[in-house]
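Try each task yourself before you read its solution.

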Amino acid sequence: MIERLSLNSLKFFYYVATEESVTNAAERLYVTQSAVSRQIKNLEELLNITLFKRVSKTLILTDEGKILLDCCQNIFNQLDQCILSINQQQYRNNNLVLSCEPTISMKWLIPRMMKFNDLNLGFEITLLTGGGPLIFQNQNIDLAIRRNDFVWGDHIFNTKIVDEFMFMVGSNQKNSSNLLLSTSRPKFKSYLANKFPEFSNLTTIELDHFYLCIEACISGLGQTAVSGFMVEHEMNHSFIHVIKYLNADDSAYYLLSPTPFEEDNRKIIFKDWLTKEMQLTKKNLLEKIGIIE
């Protein structure tokens with residue numbers, strides 16, 4: 001009998017059983033209702049059993065149907081595990097190329113790369129620095145960490161990692177009436193002026209990158225507004241102090257991919273690790289200044 005049993009017919013049966021509807025199953029499978037009904041009828045004739053009984057407008061599994069559904073779930077789960085295992089073997093020792101903006105890379109991601117690689121997951125991360133829009137194929141990039149401050153298009157798959165959070169920080173050595181802002185976030189200047197007018201009396205100095213603002217702040221050249229992810233090390237070593245928690249600039253960090261994450265198990269593994277690490281950093285730094293979210 002196994003020679004005549006079609007895996008396709010079992011798939012059709014599985015969807016009808018879980019959806020309890022031929023119509024819904026057909027929509028999930030992108031086929032016609034008649035095609036689904038025909039597969040179920042052929043399967044019942046082959047097995048010489050009745051798989052469903054109709055109660056009102058709902059299909060209910062018979063006892064035999066329940067047994068077959070349980071078998072299908074086991075079979076499909078085993079197939080999933082087999083495919084994942086094949087993919088893991090395929091990607092073993094094959095690095096993922098990740099793009100991330102420079103300051104987050106320098107201040108937050110690079111210090112954690114050793115910890116990620118020590119997990120010995122069968123692949124490592126090759127890091128490229130960059131920000132804003134990108135063309136994955138032209139740049140041979142597998143993943144990118146970006147904030148949602150630009151439109152990346154429906155053709156790019158994305159998953160939210162964590163909301164941004166910002167601090168106004170100052171040096172622990174010297175005080176200054178200057179406000180150091182990075183030109184890499186041009187909208188932040190007006191956001192700061194509207195939300196926090198108490199800083200309007202400071203003399204604004206604009207620098208090209210956040211890491212320049214941070215170094216200038218530590219040197220005592222002024223206060224600066226930065227992402228918490230960029231000053232974790234400086235806060236933990238008391239190089240700076242938090243003047244004010246700015247909450248956020250209404251943005252969040254996303255992981256972007258040119259293909260569905262589910263098609264590459266490495267991407268799923270990295271996404272889960274990244275989410276855990278970034279959310280933990282945010283939680284720890286907010287707790288450090290007495291804020292519980």
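**Exercise 1.** Which residue in β12 stands opposite asparagine 158?

*Solution.* Keep in mind that you are looking at a predicted model. Start with the two strands: β6 pairs with strand β12 (residues 252-257) in the antiparallel sense, over six bridges. Now look across from asparagine 158, and you find leucine 256 in β12.

**Exercise 2.** Work out which strands stand at the edges of the open sheet, and why one side of each is left without a neighbour.

*Solution.* Begin by writing down the strand order, β4-β3-β5-β12-β6, which makes an open sheet of five strands with mixed pairing. Next, look at the two ends of that order: β4 (125-129) and β6 (157-163) each have a single partner strand, so one side of each has no neighbour in the sheet.

**Exercise 3.** Describe the salt bridge between glutamate 277 and arginine 112, and say whether its two residues are buried or exposed.

*Solution.* Start with the distance: the closest N and O atoms of glutamate 277 and arginine 112 are 3.3 Å apart. Now place the partners: glutamate 277 sits in helix α10 (residues 265-288) and arginine 112 in helix α5 (residues 102-117), so to speak distant parts of the chain, 165 residues apart. Both glutamate 277 and arginine 112 are buried. Finally, widen the view: Arg112 and Glu277 belong to a network of salt bridges together with Lys115 and Glu232.

**Exercise 4.** Classify arginine 147 and aspartate 149 as buried, partly exposed or exposed.

*Solution.* The two side chains meet in a salt bridge, 2.8 Å from N to O. Buried means under 20% relative accessible area. Arginine 147 has 11% relative accessibility, so it counts as buried. Aspartate 149 has 41%, so it counts as partly exposed.

**Exercise 5.** Explain which parts the salt bridge between glutamate 206 and lysine 189 ties together.

*Solution.* The side chains of glutamate 206 and lysine 189 meet at 3.7 Å, N to O. Glutamate 206 lies in strand β9 (residues 203-207) and lysine 189 in helix α7 (residues 188-195), so the pair ties together parts 17 residues apart in sequence.

Terms used: Residues numbered from 1 in each chain as written. Predicted model: local features only at pLDDT ≥ 70, side-chain atom pairs only at ≥ 80, totals over all residues. Heavy atoms only, no water. Salt bridge = Lys/Arg side-chain N within 4 Å of Asp/Glu carboxyl O. Helix = DSSP H or I, 4+ residues; strand = E, 2+ residues; numbered from the N terminus. Buried < 20%, exposed > 50% of the residue type's maximum accessible area, 1.4 Å probe, protein only. Pairing = 2+ DSSP bridges.
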